[in-house]
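Student: I should like to learn how to read the features of a protein model. May we work through one together?

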Amino acid sequence: MPSGTSTIMRAKLEKIQQDFLNDISFVKNEIDLINIEKKYLGRKQGQLTEILRGLKDLSVEQKKEIGPLANQIKQFIEKELEIKQQEFKNKINLNQKDVDLTYPIDKEKLGHWHPNSIVQYELEDIFKSLGFKILDGPELESEFFNFEALNIPADHPARDMQDTFFVDNGDKVKNDNRLLLRTHTSAMQVRALKKYGVPFRGVFPGRCFRYEAMDASHENTFYQMEGLMIDKNISIANLIAVMKVLLQGIFKQEVKIRLRPGYFPFVEPGFELDIQCLICGGKGCSVCKQSGWLELLPCGMVHPNVLKHAGVDSKKYSGFAFGLGLTRLVMMKYGIDDIRLLNSGDLRFLKQF
């Protein structure tokens with residue numbers, strides 16, 4: 001081993017110590033501390049570790065000279081790291097003991113309601129004031145409640161628009177017990193009537209799923225609010241009155257509407273309640289497909305077959321049902337021109353609400 005080797009190694013050790021002191025002076029958190037420990041004492045590429053590995057190649061005299069110095073610097077680094085670690089622990093404990101619950105916080109860092117949730121809770125308050133129950137149902141629904149109980153048998157043409165995401169729950173189940181992601185919250189109609197009986201008033205908000213070609217006004221995951229009212233002597237006049245209260249309550253203004261015939265297997269007669277597009281003011285845009293109107297509230301008088309599935313005598317009771325496009329209502333209320341923004345998870349968009 002050349003005689004100058006010990007001099008070179010001594011210089012390296014002194015530089016390592018100086019660099020360490022410089023690095024630790026800039027430590028701000030425990031992560032920085034861990035990185036420094038790896039830099040100097042790491043098993044694979046630690047700077048001081050490499051020096052210690054090289055001691056085996058020194059002569060006996062050089063080992064006596066360099067060995068104690070290397071160990072001394074190692075102990076120094078370990079002690080300084082330990083002191084710094086303790087400082088962080090003391091700081092954490094101090095913060096935990098001295099928390100001022102009255103201290104103002106940065107509200108910008110708090111989470112807030114999604115626009116879907118904001119409108120849903122506003123609607124729930126409106127319907128509560130009208131005596132409606134707020135009920136939740138399963139997103140993974142049986143084919144019976146999603147279709148059969150709503151007067152939509154397996155061979156019905158309406159299935160073409162809604163046969164969607166089925167779940168494999170075995171080959172031995174009957175057809176009406178197959179599971180699927182619900183295509184509408186209408187699936188709660190018979191469930192609710194079976195549980196609560198009549199008379200009944202309730203709304204069923206929730207997430208729905210359909211195999212859709214996505215565009216500015218269509219998504220494969222969206223929100224609905226189904227409503228149901230069953231009692232004696234319920235008529236279309238009751239339906240229109242409730243819809244007017246609903247729209248005035250949510251938009252806080254007069255909204256132009258139109259009622260036109262519509263076909264839905266679980267109501268008879270059925271209607272489409274459209275509102276004038278609030279994005280373009282009825283002039284035509286991508287959201288309303290240039291028509292100036294947006295289909296918002298399919299509704300109608302509950303079909304006798306649905307009441308029969310629920311065990312309700314259709315000769316004594318009647319009622320209405322409606323399926324509110326909650327996501328589309330959100331778009332109208334806030335002037336959102338693309339439904340895909342609502343499920344995007346883009347904080348730049350969501351922080352506006």
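Student: Is Phe320 buried or exposed, and what is its relative accessibility?

Tutor: Please keep in mind that this is a predicted model. A residue counts as buried when its relative accessible area is under 20%. Phe320 has a relative accessibility of 0%, so it is buried. Phe322 is likewise buried, with a relative accessible area of 1%.

Student: How many aromatic pairs does the structure hold?

Tutor: There are 12 aromatic pairs in the structure. Consider Phe127 and Phe322: the ring centres are 5.6 Å apart and the planes meet at 20 degrees, so this pair is stacked. The cut-off behind that reasoning is that planes under 30 degrees apart count as stacked.

Student: Which parts of the chain does the pair of Phe127 and Phe322 tie together?

Tutor: Phe127 belongs to helix α5 (residues 115–129) and Phe322 to strand β10 (residues 318–324), so the pair links parts that are 195 residues apart in sequence. Both Phe127 and Phe322 are buried. Phe322 also forms a stacked aromatic pair with Phe320, at 6.5 Å centre to centre and 25 degrees between the planes. One aromatic cluster is formed by Phe127, Phe132, Phe320 and Phe322.

Student: What span should α5 have, and how far apart are its end C-alpha atoms?

Tutor: At 1.5 Å a residue, the 15 residues of α5 should span 21 Å, and the end C-alpha atoms lie 22 Å apart, which agrees.

Student: Which residues of α5 are buried?

Tutor: First, the general idea. An α-helix has 3.6 residues a turn, so residues three or four places apart point the same way. In α5, the buried residues include Pro115, Ile118, Val119, Leu123, Ile126 and Phe127. Just after α5, Gly131 takes a positive phi of about 85 degrees.

Student: Where does the charged end of Arg178 sit?

Tutor: The charged end of Arg178 sits over the ring of Phe166, 4.4 Å from the ring centre. The charged end of Arg191 sits over the ring of Phe145, at 4.2 Å from its centre.

Student: What is the volume of the largest pocket?

Tutor: Rolling a probe the size of a water molecule over the atoms shows where empty space is left. Here the largest pocket has a volume of about 920 Å³. It is lined by 43 residues, of which Arg210, Gln224, Glu295, Pro298 and Arg328 are the closest to its centre.

Student: Which element gives the largest share of the lining of the largest pocket?

Tutor: That element is β9, with six residues. By class, the lining of the largest pocket has 22 nonpolar, 10 polar and 11 charged residues.

Methods
Residues are numbered from 1 along each chain as its sequence is written. This is a predicted model: local features need pLDDT of at least 70, side-chain atom pairs count only at pLDDT 80 or more; totals for chains, interfaces and linings use all residues. Side-chain values use heavy atoms; hydrogens and water are left out. Rings of Phe, Tyr and Trp (its six-membered ring) pair if their centres lie within 6.5 Å; planes under 30 degrees apart count as stacked, over 60 as edge-to-face and the rest as tilted. Helices (H or I, at least four residues) and strands (E, at least two) are DSSP runs, numbered from the N terminus. Buried means under 20% relative accessible area, exposed over 50%, partly exposed in between (1.4 Å probe, protein chains only). A charge sits over a ring if NZ of Lys or CZ of Arg is within 6 Å of the ring centre and within 35 degrees of the ring normal. The expected span of a helix is 1.5 Å times one less than its number of residues. On a 1 Å grid over the protein atoms alone, a cavity is a set of points where a 1.4 Å probe fits but cannot get out, and a pocket is an open set with protein on both sides within 12 Å along at least five of seven lines; lining residues have an atom within 4 Å of a point. Grid points are joined across faces, edges and corners, and a volume is the space filled by probe spheres set on the points. Ala, Val, Leu, Ile, Met, Phe, Trp, Tyr, Cys and Pro count as nonpolar, Asp, Glu, Lys and Arg as charged, and the others, Gly among them, as polar.
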